[in-house]
Amino acid sequence: MSASDSASSDSASSDSASSDIINYAYVWYKRDPAQLLQFSRDELEKIHEIIMNYSYPCYLAGNATVMALSYDEKNKLLNRELIFIRDKMIEAGGLADIVIIQIPRILYDLFNIYFNNQVGGDTEEGNRYPYSFEYNFNLGTLRRFNEQTGINTNKVKNSIWLLNALIIDYLTRKNYFDNIRDSYVKILDELTKQPELRSYIEYTLADGHRRMGDDEFLQRIRLLHETMDLEKEESKGRLKLYRASFLKHDTTVDTSLSLNTSMLNAIIYDSMACTFILATEGATIMNGEYFYPNQKIIYNIKKFLVGDKSTEDSLFFIPPIHPFLQIYCSGELFHARTKITKPYNRSDIHGLGVDVVPEYLRSEKTADELQRIYEGYKDRDEIFVWYLTNERRPVIVPPLPAEPPALTLAQRLAQRFRALFAPDASQTLPQSQQREPTSTILVGPQLHVVRNNFGTKGGKQTQRRQKQQRKLKHKRYSSLYKKKSKSRRNKSFKN
């Protein structure tokens with residue numbers, strides 16, 4: 001700790017006791033600086049069980065422990081989760097000298113990348129490769145999450161505890177416990193500016209494809225900073241979900257929209273499912289419109305419990321995956337998602353890729369009811385496009401004009417006939433008012449005007465030649481008509 005036993009522990013405790021922040025993960029330490037991280041196995045097991053049962057999003061597993069809570073306890077869990085968990089630690093016994101706090105989820109994820117850098121190895125290119133924590137969620141029932149993923153295995157639990165020790169040790173060495181909530185910005189700056197960490201975070205945030213320039217790197221760090229500003233707000237019983245797409249075309253009809261509980265979810269193994277990557281490098285092409293970069297979309301919804309019959313439970317599924325694992329996930333079913341209506345045995349659901357809708361993604365609402373609920377969130381600005389401070393609005397490139405259909409023979413003849421007898425504009429307009437015809441070509445977002453090179457102003461010779469050609473054609477048509485008329489009269493006379 002920083003100065004003394006009481007100063008550090010009391011300040012950290014009082015600082016975090018007032019309210020939950022809106023998106024977070026938990027870290028814990030002992031009040032006694034001499035025993036800051038000296039936990040017994042029994043203490044760690046108790047803390048782990050409490051967090052897995054009662055912390056967001058883990059309590060959305062719908063386990064019997066949460067379902068058995070009273071109405072007042074459930075209300076306290078949704079609105080004062082940190083206080084609720086501290087009360088459970090007191091009830092568990094033997095944890096009275098342990099302080100547990102929340103830190104913004106974006107910081108926890110960056111520390112996790114740092115942790116991944118520490119335990120990983122070196123590639124031939126000199127970059128760090130990730131530790132073997134990949135969890136693919138294409139199959140399995142998340143209602144039995146603990147059994148399906150092995151989340152209670154010693155490997156995962158030990159890794160969560162090691163990451164906790166890394167974070168607490170870092171905060172202690174930097175003396176940030178005195179006023180931790182005012183130190184979030186400094187912590188993020190340090191994590192992204194350390195020379196030994198900059199290269200790995202840069203490699204990770206660029207999806208491992210290339211090295212970024214300073215301006216591009218700083219722009220991405222700015223996104224992390226403003227995301228943290230959102231996450232450290234007071235929760236007031238609400239949570240935030242993230243999406244990178246084109247809000248205009250989002251719908252719940254025959255679609256399961258994929259969301260994320262953190263900007264950096266899946267960034268290690270499934271970057272094309274990571275909101276951060278999609279918001280900075282991804283593009284959307286819908287109905288001929290090309291939108292780059294993707295819009296950053298925020299869902300600001302009320303916290304809920306599985307089976308509580310709320311509109312949130314009817315529309316949304318949030319998987320009960322501990323924050324530590326979420327940056328190592330891959331597949332389609334680790335996402336928070338909008339639910340699907342009947343029928344459930346179909347494979348035509350956009351964005352899901354399964355033949356039968358899993359039970360936890362099934363909604364009892366009709367398709368029209370779900371869409372009305374979704375549109376209601378947008379009308380109340382609880383689903384909205386989020387722009388960074390002074391961010392330039394991206395430009396929507398309209399679709400290219402469709403090519404005209406091929407003309408039939410009759411249409412081509414009619415078109416030539418109209419052109420033959422149309423008045424000559426060059427004879428009726430003064431020379432100063434005549435213009436060259438132009439053609440317009442759409443190239444990207446700009447319109448380029450191209451002037452035709454064929455002579456249209458012409459002189460008197462050109463006008464005289466055109467007039468002679470028209471007379472000749474008219475004479476041919478007239479003689480042809482006279483011949484046909486004469487043949488018709490002869491036939492009628494013979495009859």
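1. Start with the open sheet: 3 strands in the order 7-13-11, with antiparallel pairing (two strands pair if DSSP finds at least two bridges between them). Its edge strands are strand 7 (258-259) and strand 11 (316-317), each pairing on one side only. Strands here are DSSP runs of E, at least two residues, and helices are runs of H or I, at least four, numbered from the N terminus.

2. A word on the model: this one is predicted, so local features need pLDDT of at least 70 and side-chain atom pairs count only at pLDDT 80 or more, while totals for chains, interfaces and linings use all residues. Residues are numbered from 1 along each chain as its sequence is written, and side-chain values use heavy atoms, with hydrogens and water left out.

3. Back in the sheet, 2 bridges hold strand 7 against strand 13 (residues 336-338) in the antiparallel sense. Leu259 sits opposite Ala336 of strand 13.

4. Now look at strand 1 (residues 24-30), where 7 of 7 residues are buried (under 20% relative accessible area, 1.4 Å probe, protein chains only). Tyr24, Tyr26, Trp28 and Lys30 are buried on one side, and Ala25, Val27 and Tyr29 on the other. Strand 1 runs antiparallel to strand 2 (residues 98-104), joined by 7 bridges, and Tyr29 faces Val99 there.

5. Last, the helices: helix 4 (residues 71-79) packs on helix 5 (residues 81-92) at about 120 degrees, axes 5 Å apart. Axes are lines fitted to C-alpha atoms, for helices over the stretch in contact, and angles run from 0 to 180 degrees between N-to-C directions.

Key:
Buried means under 20% relative accessible area, exposed over 50%, partly exposed in between (1.4 Å probe, protein chains only).
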